[in-house]
Amino acid sequence: MTDTLVKIKNLKYSYNKKSLFEMTVKNFSLNKGERLLIHGESGLGKSTFLNLISGSIEAKIGNIEILGNNISNIPGFAKDEIRGNHFVIVFQSFNLLLYISVENNILLGLIFSKKKRFKIENKKKEIKVLMKNLYKNYDELKDRKSYQLSIGQQQRVAVARALIGRPEIILADEPTSALDLDNQKIFLDLLFRSLDKDKQGLIMVSHNKDVSKNFSQVKNIKDICELKNV
Amino acid sequence: MFRITLAFQSILNRWLSCLLIILTLSASISLFFTVTRIQESVRVGFQNTVSGVDSIIAARGGNLQILLNSVFLIGEPPNKITWESYKDIDKMKGINFLVPISLGDSHKGYRVVGTTNSYFKNIKFGNKKNLTFSANINKGIGFSNVFDVVIGSSVAEKLNYSIGSEIEITHGLGKSGVVHSFNSSKEDDKEDHEDDVEHDDHDEHADHEDDAEHAHDMAGFKVSGILEPTGTPIDSAVYISVLGYEVIHKGWIANQKVMDISEEHLMDEDLEPTSISAIFVSLKNRTQIFQLQRDVLNYKKEALSAVLPGLTLSRLWALTSNIDKAFKIITAFIIFIALLGMTAMTIAGLNSRRREMAILRSVGASPRIIVSLLLIESVIISLISTIIGYLMMFFIFYFGQGILENHYGIYIEGYSIKYDDVKIILAIVFCSLLATIIPAFRVYRSTLRDGLSVKS
């Protein structure tokens, strides 16, 4: 089993034929246990980079390998399956479906992945263990609808969903930018504490370099990609 | 299962717009079912009324007119035929039973039918059910006296009649007319006229203009039996014996009373009807029906027709089927418009749901799964709408049945769920899936385009 989680070679991406924006990634890799922070100003394509890795958008030229599998030329549903099985994505905010309960939001992480479900014997127990780490009074929280939570609480639930089923690759798209400094610290501490160093890798993008503590690598988006007509 | 829960909770989250869709859809669906059921009921009602009668013989004329008048008590009565013809037909081969029918009089807007006890014994309604009495002083036989009257259940209920109630028969079918009497006209007549006019809600039973309607006061007619409800025009009829009918028409030529006859004088006479309006015929063997038709056509003494009720009815349906179709198409269009509304609302709501789609995509849901969620939502909405629409139809019939019965003579049968309705429900659900194709296609495209990065 390879230690490389993500490997990109000679990738070229543009939104469509008319678009002048072009992103080129010559070489990029993420290994198990790595925690990479990608920073850079807004609008430089950080989110686009994450979308490419997760297979949500497609580049016409180049290769992306996820856990040794080339996903560049496979059908969309296969990419969705790989994303469901091996990835988790935490957004800046609005990570949760507001109309379902906290517990169901966490379960959502398992619903579209047989592999993740297979890793867990008792779903409810697993959720409880995860959430106990993240929030003291979980029992009081679990049946609440997500819109009843504060942004900070919502982000913690998002972390729990990220970790359930132990996906190998965690992508975080500005997960702290909606939080105040205290909550940023709590959120990142929780995230790092819950990561399995031997199996999981993390890529987080942020326009704010101040959160770089605890990351194993910190890179500017410009160091990873060549960008044209931004 | 989780997908269904998810779809359901998503609907609850957008409850107001979904409620509006459901209300529009269910209203149009209930309209469709109501119209369809009324159409069916009219047909079934007609079919049920002629159960067990193989042929109707009357003076030669339009088959439809004979059928409508003699069985359904609608329209102008046919010309009379002689009692002699009745006796001759009775002698024909293969006759099981005959029921004579005399028409042309009314009581407070309800049609009066002169007949014999054979009517109550032999005439069947619905699925070959016998007529039964809810009250009767003659032990179930109908008439034992010339002046006995049997009334249908609606007549008893609306006019508040019971056994022993005295009634008077009006000559002609109008709201006002001359009451049959044996003495010269009385002062009471005027009161009778006024009384009759009050009952104008029964004018469908008396759709004739009173060119020569006359009223006669018949002291002797008394209610001797009340029939159980049948859900057919029988409920709105007043039955007297053919002899009673004969008695009150003594001294009348056409619509004119030419002489007064005393009751005693009448009873002294050897009573036998002189003419009747129609004869219901039942054959021992239905295959002899064409033989009977031939015999009746070849009958020399007067010109007669033998009408086949089933055939005549199917001709009537052939005439009305285009109107039926037009109604159905209009109501189907209303459902179609409601479905268009659903499509419009779904599309309008999609933009605000892009974040929802992105979250689902981030946890591994493929665009196909997201499209399937949208389709499940539309199935849920259309199923709820059809169920509510169906219940609304029952609700409409529960409160409207009385009006339909009294004003239009339409009897809605039961509240059962019909197999055809299930097919229609499935068709509506299928159409709602079709209506979701455009929004689903847009979702498919936008989820592919947006990826995971919807910032809204």
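Predicted model: local features only at pLDDT ≥ 70, side-chain atom pairs only at ≥ 80, totals over all residues.
Q: Which residues line the second largest cavity, and how do they divide by class?

A: Lining residues have an atom within 4 Å of a point. Here they are L11(A), L52(A), G55(A), I57(A), E58(A), A59(A), G62(A), I64(A), I71(A), S72(A) and K79(A). Ala, Val, Leu, Ile, Met, Phe, Trp, Tyr, Cys and Pro count as nonpolar, Asp, Glu, Lys and Arg as charged, and the others, Gly among them, as polar.

Q: What is the volume of the largest cavity, and what lines it?

A: The largest cavity has a volume of about 130 Å³. Its lining has 15 residues, and T49(B), S70(B), V71(B), Y119(B) and F280(B) are the closest to its centre. By class, 13 are nonpolar, 2 polar and none charged. The structure holds 6 cavities of 30 Å³ or more.

Q: How is a nonpolar core read, and which residues have the most contacts inside the largest one?

A: A nonpolar core is a set of buried Ala, Val, Leu, Ile, Met, Phe, Trp, Tyr and Cys residues joined through side-chain atoms within 4.5 Å; buried means under 20% relative accessible area, with a 1.4 Å probe and protein chains only. The largest core has 80 residues, and F28(A), F49(A), I53(A) and I66(A) have the most contacts inside it. Helix α13 (residues 367-408) of chain B, a DSSP run of H or I with at least four residues, gives the most to this core, with 12 residues. A second, separate core of 35 residues includes I127(A), L141(A), F187(A) and F192(A).

Q: Which residues of helix α8 of chain A are buried?

A: They are N183(A), Q184(A), F187(A), L188(A), L190(A), L191(A) and F192(A). Across chain A, buried residues make up 55% of the 230 residues.

Q: What conventions apply to numbering and confidence?

A: Residues are numbered from 1 along each chain as its sequence is written, and chains are lettered from A and ligands numbered from 1 in the order in which they are written. Local features need pLDDT of at least 70, side-chain atom pairs count only at pLDDT 80 or more, and totals for chains, interfaces and linings use all residues, while side-chain values use heavy atoms, with hydrogens and water left out.

Key
Buried < 20%, exposed > 50% of the residue type's maximum accessible area, 1.4 Å probe, protein only. Helix = DSSP H or I, 4+ residues; strand = E, 2+ residues; numbered from the N terminus. 1 Å grid on protein atoms, 1.4 Å probe; cavity = no way out; pocket = protein on both sides within 12 Å on 5 of 7 lines; lining within 4 Å. Points joined across faces, edges and corners; volume = space filled by probe spheres on them.
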